[in-house]
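Please read the points beside the sequence and the model.

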Amino acid sequence: MPNKVRIFFRVAFDLILEADQKIEDKELLTFLKVNPKKENEYRASPRNYFKIIQILEKEGFEIESSILQDSNLSQYYLDKFKVKLTLRDYQERALKEFLDYDGKGIIVLPTAAGKTVIGLKAIAKLKQKTVIIVPTKNLLYQWIDHLTKYASLTRDSIGQLGDQIKEIKDITVTTYDSARLNLNQLRKNFNFVILDEAHHAGAKETLKVLEGLPSAYRLGLTATP
């Protein structure tokens, strides 16, 4: 019988794997830490979730996981989300490179070069529940404004975490601080994370958020190389 592995969250920043038998696959073990207090239990960084799943599937493990099982945008957003702006050639190239690289990367463009529009187009392409993380309240409301103006969403269909509002929707905008405080909720929902002003990502608390999200798709936007 194949080795069965159950995957779930237990504490703030850990992904837990429980196996029926000891895991001996060397490639898989590079992503895992053995729990010395419990037999056949392992910890991993949530950001490696999809890499771990790929290895488990390749090696024939039986997988039981409820993580991000409902990560596609709901039908309302699929019907409603239409980006009204046309990308310029350099924006098209940037978006294509991001998608060609499995939906992972950082786009560096000067201020006012249309990074936000690329982010909106990426949401439309991937069709995944999306959290947009920004460093300030001003940028939080700027993204909400752009989602209503350029992506045809109503204000009440956009989630917000920050400025004393806590409401999660299929597309949610949050400040870095609110993302850290609400990480347990965010990691259950979102398979696409957009990090605006991504040069802030080196900060310790921001890194904790990125490590704690299992999202397969990650887009950083910045004007600072």
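1. What volume does the largest pocket have? The volume is about 610 Å³. A pocket is an open set of points on a 1 Å grid over the protein atoms alone, where a 1.4 Å probe fits, with protein on both sides within 12 Å along at least five of seven lines; a volume is the space filled by probe spheres set on the points, which are joined across faces, edges and corners.

2. The model is predicted, and totals for linings use all residues. Residues are numbered from 1 along each chain.

3. The largest pocket is lined by 24 residues (each with an atom within 4 Å of a point), and R47, K104, S215, A216 and R218 are the closest to its centre. Two or more lining residues come from each of α2 (49-58), β6 (104-108), β11 (192-196), α9 (204-212) and β12 (217-222). Helices (H or I, at least four residues) and strands (E, at least two) are DSSP runs, numbered from the N terminus. β12 supplies the largest share, four residues.

4. Where does the largest pocket lie? Domain 1 (4-65) and domain 2 (75-222) both contribute to its lining, so the pocket lies between them. The domain bounds come from an automatic or database assignment.

5. The second largest pocket holds about 230 Å³. Its lining has 15 residues, with T111, A112, K115, T116 and Q142 nearest the centre. Both α5 (115-126) and α6 (137-150) give two or more residues to this lining, and α6 provides the largest share, four residues.

Technical notes:
This is a predicted model: local features need pLDDT of at least 70, side-chain atom pairs count only at pLDDT 80 or more; totals for chains, interfaces and linings use all residues. Side-chain values use heavy atoms; hydrogens and water are left out.
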